[in-house]
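Q: Please go through this model with me, term by term. I want each label set against its cut-offs.

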Amino acid sequence: MFRLTLPAPVGELLEIVEQPAVASESATTVASPSPASVVETEIVQQPAAPILVIEDNPAVLAAICLDLTRFGFSIISCRSAFDALLLAQNTEVSAVFLTLDLADMDGFELAQTLRLMPAFAQTPLIALTDSSDPAIEQRCKLVGIDAVVLRPCSGDHINQLLRRLLTLDAGQS
């Protein structure tokens, strides 16, 4: 088991505990944040299911997990497409962040595979990339990815994007 403790924005500690997945050793689960560690925002409601984050770079993964928990989201994370597909078979999620340059399968193929699963047919898929190439964004649309986030990105941007995709903002239907 791997444990990473990061400072949370309100002086509390956020623990990221890595636990083995069903058939792999690199799946990570992050518990919901405590209410005291959630950043004051205009949060109307939170999704019932966690956000799945698929990122093979541990530093980027930790930063995204910290940003998501700061805004009150529960998360599940993993560092490979293989682990993501294992989790997808047995885990309900509200949205998926996936990096496009995973080592074991590119994010485009992973997105197409997820879209074939009934539980992920309408789940928002958000690509994480270092490239601002318009062809990447076009290819993302073709495989069913709903949004593209250029790294590095701010926690506020991630929060606003998720709220829009999950229609959690007040006044949206």
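A: Start with the elements: helices (H or I, at least four residues) and strands (E, at least two) are DSSP runs, numbered from the N terminus. On that basis the protein chain runs β-β-β-β-α-β-α-β-α-β-α-β-α from the N terminus on. That comes to five helices and eight strands. The model is predicted, and local features need pLDDT of at least 70, side-chain atom pairs pLDDT 80 or more, while totals for chains, interfaces and linings use all residues. Residues are numbered from 1 along each chain as its sequence is written, and side-chain values use heavy atoms, with hydrogens and water left out.

Q: What makes Asp67 buried?
A: Buried means under 20% relative accessible area, exposed over 50%, partly exposed in between (1.4 Å probe, protein chains only). Asp67 has a relative accessible area of 15%, so Asp67 is buried.

Q: How much of the protein chain counts as buried?
A: Of its 173 residues, 49% count as buried.

Q: Why is α2 called largely enclosed?
A: Seven of the 10 residues of α2 are buried, so the rest of the structure largely encloses this helix. The seven are Ala81, Asp83, Ala84, Leu85, Leu86, Leu87 and Ala88.

Q: What makes a set of residues a nonpolar core?
A: The members are buried Ala, Val, Leu, Ile, Met, Phe, Trp, Tyr and Cys residues, joined through side-chain atoms within 4.5 Å. In soluble globular proteins, nonpolar side chains tend to be buried together. Here the largest such core has 26 residues. Leu52, Ile54, Val96, Leu110, Leu114 and Ile145 have the most contacts inside it. β4 (51-54), β5 (75-78), α2 (81-90), β6 (95-99), α3 (107-115) and β7 (125-129) each supply at least two of its residues. α2 gives the most, with five residues. Apart from this core lies another, of 19 residues, among them Ile51, Cys65, Phe97 and Leu161.

Q: Which residues does Ile54 touch?
A: Contact means heavy atoms within 4.5 Å. Not counting residues up to four places away in sequence, Ile54 touches Cys78, Ser80, Ala84, Val96, Phe97, Leu98, Thr99, Leu102 and Leu110.

Q: Which strand pairs with β7 over four bridges and includes residues 147-150?
A: That strand is β8, and the pairing is parallel. The bridge partner of Thr129 in β8 is Leu150. β7, helix α4 (residues 134-142) and β8 make a right-handed β-α-β unit.

Q: What makes Glu55 and Arg151 a salt bridge?
A: A salt bridge is a side-chain nitrogen of Lys or Arg within 4 Å of a carboxyl oxygen of Asp or Glu. For Glu55 and Arg151 the N to O value is 2.6 Å, so the pair qualifies. Glu55 lies in the loop between β4 and α1 (58-70), and Arg151 in the loop between β8 and α5 (155-165), 96 residues apart. By this rule the count comes to five salt bridges.

Q: How do you know that Asp130 forms a salt bridge with Arg151?
A: Their closest N and O atoms are 3.0 Å apart, so the pair meets the rule. Asp130 sits in the loop between β7 and α4, 21 residues from Arg151. Asp130 is exposed, with a relative accessible area of 55%. Arg151 counts as buried, at 14% relative accessibility. Salt bridges that share partners join Glu55, Asp101, Asp130 and Arg151 into one network.

Terms used. Pairing = 2+ DSSP bridges. Right-handed = clockwise from strand over helix to strand, strands pointing away.
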